[in-house]
Amino acid sequence: MSISPPHNDTHNVILAKETPMPLDCGTTIGAFNMAYCTYGELNAEKSNAILVCHALTGDQYAASRQPVTGKDGWWNMMIGPGKVLDTDKYFVVCSNVLGGCMGTTGPRDIDPATGKPYGLNFPIITIGDMVRAQALLQDYLEIESWFCVIGGSMGGMQTLQWASAYPERVFSAIPIACAARHSAQNIAFHEVGRQAVMADPSWQGGDYYASDAKPRAGLAVARMAAHVTYLSEAALHRKFGRNLQDRENLTYGFDADFQVESYLRYQGINFVDRFDANSYLYITRAMDYFDLVEDHGGTLAKAFEGSNTRFCSVSFSSDWLFPTSENRKIVHALIAAAANVSFVEVETDKGHDAFLLETPEMFKTIQGFLQSSAKSRGLGE
Amino acid sequence: MNGIENATGRRDIRVDWQLIADMVEPGSRVLDVGCDDGQLLAHLKEAKNVDGRGLELSQQGVNICVANGLSVVQGNADTDLVYYPDGSFDYAILSKTLQATHQPHVVLQQLLRIGKRAIVSFPNFGYWRCRSYLAFRGRMPMTNSLDFPWYETPNIHFCTLRDFTALCDELGLKIEQSVILAASGKIMTRSDYGMYANLFGSDCIFMLSKAGA
C-alpha cells in the first residue's frame with residue numbers, strides 16, 4: 001500500500017452554540033469544539049458520506065499525517081483513492097470524539113466557567129454522548145444520512161450506537177471487532193490502566209496541566225497493559241518469541257532484556273507524547289459504561305427493531321478483547337430484529353489490532369459490502 | 001455446505017437451483033440455509049429480484065458471499081435458526097443441506113416457523129444406484145452427488161424419497177409442489193413419490209407449507 005497520505009482537510013467547528021447538548025450523565029455541555037478531517041468530495045445529493053469512528057486512542061487523522069507523531073493516519077491503508085473507502089467515490093469524515101485530546105473539546109481544554117482546564121471537572125461522557133456530538137456535526141454538514149458508519153473497537157461501539165439511536169440517519173453500518181456491552185474482563189483491564197494513571201503522583205488529581213510534571217509514567221504503563229490486550233499470544237510469539245534486545249545474554253537485572261519488553265516500553269513512551277492522561281480516563285470510562293443491552297430492557301434486538309440499515313459485522317478469530325462470540329451476539333440480535341445483516345469472522349493471528357493492519361480478507365469483505373450498498377443507495381460508479 | 005470442495009459437482013446441482021428458482025415468487029423474501037458460496041442466492045437476486053439472506057457454516061463460503069455483496073452470516077442450521085423471527089421470510093430454502101444436519105426434523109420445523117414456505121432439496125438415498133452399490137459391492141454408496149467416503153462425509157442423515165414424505169406426514173407438513181429428477185437431470189413425470197420415483201429419482205425438490213396454514 002502507498003504511504004503517501006491522500007488529499008485531506010482538517011477542520012474545526014463549534015457545535016451546540018445556541019442550545020447546549022444534553023449528556024447521559026444528566027448535565028449538558030455548551031458550545032464545544034469538534035475537530036475533524038475529510039477526504040474526497042461530497043456529491044450533490046450528499047448521499048456518499050462515510051463516517052469513520054475512531055477507537056479509544058485514535059483520532060481524526062484517519063488518513064493524514066498525525067501532527068504530533070508525524071506518522072501516517074491509523075487507517076491510511078483503508079482510506080484513499082481506489083482503496084476500500086474509495087475517496088474517488090465517497091466523502092469520508094472522521095472526527096475526534098468528545099472528551100478526546102486532538103482538538104475536540106475534552107478535559108485538557110479550558111472550562112469557560114473557571115477559565116482553567118477542565119481536568120476532572122469535565123463531565124463524564126458516554127458513547128451515546130460521542131455519537132450525539134457527531135450527529136450535530138452531521139447536521140452542520142447538512143448530510144441527511146450517512147451512506148455508511150464504520151469503526152473498529154470503540155469505533156464499532158459508536159457505529160452500533162449510531163444505528164440504534166439514529167437508524168434513519170445511517171444507510172449502512174460496519175461494526176468491526178466490538179461488542180454491544182463492555183465485558184467484565186474489559187472493564188477490569190481499563191481499571192488497571194486508570195489506576196496506573198491515578199497512582200502516578202504527577203497526575204495530581206487530574207489537575208496537572210499547569211504543572212511541569214505530567215503523569216507520563218502512569219499513562220505509559222496503562223498503554224503497555226492495554227497494548228497486550230490488542231495482540232494475541234500467537235502474534236507476540238511470532239514477533240518476539242523470547243528474543244533478547246540488543247544483547248547476547250540475560251543481564252540478571254530489570255532492564256528490558258527481552259524484545260517484547262523493549263517493544264512495550266516503546267509503545268508506552270510514544271503514546272504519552274500524543275495522548276492526554278485525563279482523556280484516557282474519560283474515554284475508557286465511556287467504553288465501560290456502554291451497554292446497548294441494558295439500554296433496551298435486556299433485549300439487544302430491541303436496539304435495532306424496524307431498522308432499515310444494512311449491517312456488516314466483522315470479527316477476528318484471534319481477538320480475545322472483543323472475541324467473535326461478542327460480535328456474534330450483535331449478529332443474533334440483528335437477525336432477531338429482522339435486520340439486513342452480514343457477518344464474517346476473519347481468520348488471523350493478529351488479535352484485536354487486526355482491524356488496523358493489512359488484513360486482505362477484511363478489505364475484500366468491506367469492499368464487497370460497500371459496493372452492494374452503493375448499488376442499493378443508487379450511488380453511480 | 002463445503003462449497004469450495006463441491007465446486008466440481010456444479011453441473012448437476014445447477015438443475016435443482018433452476019427448479020428452486022422457478023418455485024420462488026419474484027420480489028419475495030428468501031432465506032437460503034446452507035447457502036454455500038452464494039450462487040443460488042445470487043441467481044435468485046438476479047432472476048427473481050428477491051430480498052435474499054443466507055446462513056452458511058463454512059467461513060470460506062460466507063466470506064465469498066459477503067465479498068460478492070450478498071447478506072450472509074456464518075452460522076449453523078442446527079443451532080442458529082432459532083434466532084430468526086417467526087414468519088420473517090416468504091421462503092426458507094434448504095438446498096442439499098438437510099442430510100448434513102444433526103436434527104433434520106427440527107430443522108424442517110424451524111424452516112416452516114421462519115418461512116411461510118420451505119423449499120427443500122436432497123439426494124434420494126433410495127435411488128437404485130445407491131441400493132445396488134450397497135447390495136452388490138457391500139460398501140457405503142458413493143455416487144456423483146454423494147461423493148464422500150463414509151468416514152469423512154458431512155452427510156450424516158441420508159433419507160429416501162419415501163422417508164422424507166413420511167416425515168412430512170408425521171410433522172404435519174403439506175407438500176405444495178415437488179420435482180423429482182432422474183440422474184440425467186431430467187424431470188420425472190411419474191412423481192407420485194411411489195416405488196418408481198423412489199427407485200429412479202436421484203434428486204428431489206419439495207416445496208412445503210404447514211398443513212392448515
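What follows are my entries, from ground rules to single residues.

**Ground rules.** I'm working with a predicted model, where local features need pLDDT of at least 70, side-chain atom pairs count only at pLDDT 80 or more, and totals for chains, interfaces and linings use all residues. Residues are numbered from 1 along each chain as its sequence is written, with chains lettered from A and ligands numbered from 1 in the order in which they are written.

**Chain B overall.** I looked up the make-up of chain B and got 9 helices and 7 strands; these are DSSP runs numbered from the N terminus, H or I over at least four residues for helices, E over at least two for strands. Its C-alpha atoms fill a box of roughly 45 × 40 × 30 Å along the principal axes. Of the contacts in chain B with a separation of 6 or more, 65% join residues 24 or more positions apart; a contact means C-beta atoms, placed from the backbone, within 7 Å.

**Where B meets A.** I count 15 residues from chain B and 20 residues from chain A in the contact. On the chain B side, α4 (59–67) and β3 (71–74) each supply at least two residues. The most comes from α4(B), with 5 residues.

What classes of residue does the side of chain B that touches chain A have? I find 8 nonpolar, 7 polar and no charged residues there (nonpolar is Ala, Val, Leu, Ile, Met, Phe, Trp, Tyr, Cys and Pro; charged is Asp, Glu, Lys and Arg; polar is the others, Gly among them).

**Domains of chain A.** Chain A splits into domain 1 (9–182 + 290–377) and domain 2 (186–285), with bounds from an automatic or database domain assignment. Their C-alpha centres lie 26 Å apart. Across the divide, 26 residues of domain 1 of chain A are in contact with 24 residues of domain 2 of chain A.

**Two helices of chain A.** Helix α1 (residues 127–140) has its end C-alpha atoms 20 Å apart, which agrees with the 20 Å its 14 residues should span at 1.5 Å a residue (that is, 1.5 Å times one less than the number of residues). Among its buried residues are I127(A), M130(A), R132(A) and Q138(A). Just after α1(A), E142(A) takes a positive phi of about 55 degrees.

I then went to α4(A), residues 216–230, where the buried list includes L219(A), R223(A), M224(A) and Y230(A). The cover over its buried residues includes α3 (184–199), α6 (259–274) and α7 (277–289) of chain A.

**V346(A).** I found this residue in strand β14 (residues 340–346) of chain A. Is V346(A) buried or exposed? It is buried, because 25 other C-beta atoms lie within 10 Å. S315(A) is 31 residues away from V346(A) in sequence, yet their C-alpha atoms are 6.1 Å apart. Leaving aside neighbours within four places in sequence, the contacts of V346(A) include V314(A), F316(A), A354(A) and M362(A).

Technical notes. Contact = placed C-beta atoms within 7 Å. Buried ≥ 20, exposed ≤ 12 C-beta atoms within 10 Å, placed from the backbone.
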